[in-house]
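User: Could you take me through the ligand site and the open spaces of this model?

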Amino acid sequence: MIPVCEPQLGEKEGVYLAECVRSGWVSSSGRFIEQFEQRWAEYCGRRHGVAVCNGTAALQCAVAALGLAPGNEVIMPSFTIVSCAQAIVACGAVPVLVDADAETWTMDVGLVESKISPRTRAIMPVHIYGHPVDLDPILTLADKHGLAVIEDAAEAHGAQYRTVRDGSEPGWRRCGGFGDMSCFSFYANKIITTGEGGMVLTDDAMLDKRLRSLRNLCFGDEQRFRHEQLGYNFRMTNMQAAIGLAQLERIDEILQRKRRIGAGYAQGLEEVSAISFQSCQPWARSVYWMNGIVIDEKSGFSAADVSNQLRVRGIDTRPFFTGMHDQPALLRLGMFAGESYPVTSRLSRQGLYLPSGSGLTQEQIDTVCNAIGEVFP
Ligand SMILES: *Cc1c(COP(=O)(O)O)cnc(C)c1O
């Protein structure tokens, strides 16, 4: 079976990890935590990094750091992972959905303003499968309406967005460097991994302080065991950070491999008219975290049909996200009743992603392309 995604761990990861074991720094302090936070923030063009135990926790800390009141609204895409909605709901706020753009599969930024209400406090744009969301219009709206922006960059380590805001020269900047806070995951299938892990980045010293406190149970400054506020134990271990630092040291190579795989599929599947790819925009440099395909409904095949056809040919795939408006757990809370998000629904039904791990060989890519050619002769 050709796997969808496997982490590529090298010798350096083992060397750093062994140092944690040898030195006894296996918990949530140590040199690797500090270095990983600093270097990842720096890589993304940010001042502060706060490492946490996973990407969902990063989102929850970021939303909690805004100090929202119950009933405050946060605008987010309908086509994303449940972590985004989970983080908002866990903080007592209400997720408000925006449908996906048919070309980029990210939040349709033209629909955001119509969702702003007097209760809106923040927008949470999400980069999807390695392709950036169009951030400029979101940042402009946030300024105009006084809203916070939490960028979910958990699928876009190293991706770049060309901003033309401030009327200056267009400039390419890395994802994770925009808005008030940005969140990353370092789960095993992400561009770089710590096994489980996440981070919140910010330029704001106050937010940095609040995030550090929230991640560590809001221990008191003067009297340690006297808590002004309730937080979480979302700490990352030095061992996870050790792996993360080694991964970061070779992110260029990983990104190069990812982009080569993306180009390989584009070329190998050029002639298959029944499928379409996420279309990379002129203002975006995707990192091709996952190579998704959407199957034309007129072909008569759903994503599940194609996935089964590929499985019998030894190729593993994954379905796309199910829209947030189709989540029983959220509907049961009385959310999104009667709302429809047609692009998201079509993507969920017709989309799947192909093997995309950075260890994939050209031979494996050819095998996948040939198999798809058999399904759509
Ligand atoms: C993976 C992911 C997360 C959650 O990260 P975990 O580390 O799995 O909790 C959040 N947002 C997006 C867009 C993701 O892809």
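This is a predicted model: local features need pLDDT of at least 70, side-chain atom pairs count only at pLDDT 80 or more; totals for chains, interfaces and linings use all residues.

User: How many residues surround the ligand, and which are the closest?

Analyst: The ligand is surrounded by 13 residues, the closest being Gly55, Thr56, Glu155, Ser185 and Lys190. A residue is near a molecule if one of its heavy atoms lies within 4 Å of it.

User: Which element gives the most to that shell?

Analyst: Helix α3 (residues 55-65) does, with three residues; helices are DSSP runs of H or I with at least four residues, and strands are runs of E with at least two, numbered from the N terminus.

User: Which polar atoms lie by the ligand?

Analyst: A polar backbone atom of Gly55 is 2.7 Å from an oxygen atom of the ligand. A nitrogen atom of the ligand lies 2.7 Å from a polar side-chain atom of Asp152, and an N or O atom in the side chain of Lys190 is 2.8 Å from a ligand oxygen atom.

User: How much of the ligand does the protein cover?

Analyst: Of the 380 Å² of accessible area that the ligand has on its own, the protein covers 91% (Shrake-Rupley method, 1.4 Å probe).

User: Which pocket does the ligand take up?

Analyst: The ligand takes the space of the second largest pocket, whose volume is about 390 Å³. Of its 22 lining residues, Ile81, Tyr187, Asn189, Lys190 and Trp289 are the closest to its centre. On a 1 Å grid over the protein atoms alone, a pocket is an open set of points with protein on both sides within 12 Å along at least five of seven lines, a cavity is a set where a 1.4 Å probe fits but cannot get out, and lining residues have an atom within 4 Å of a point. A molecule sits in one if more than half of its atoms lie within 2 Å of its grid points.

User: What about the largest pocket?

Analyst: The largest pocket has a volume of about 640 Å³, and α6 gives the most to its lining, with six residues.

User: And how many cavities are there?

Analyst: There is one cavity of 30 Å³ or more. The largest cavity has a volume of about 80 Å³, and the residues nearest its centre include Lys190.

Methods: Residues are numbered from 1 along each chain as its sequence is written. Side-chain values use heavy atoms; hydrogens and water are left out. A polar contact is a pair of N or O atoms within 3.5 Å; within protein, one must be able to donate a hydrogen and the other to accept it, and residues adjacent in sequence count only if both atoms are side-chain atoms. Grid points are joined across faces, edges and corners, and a volume is the space filled by probe spheres set on the points.
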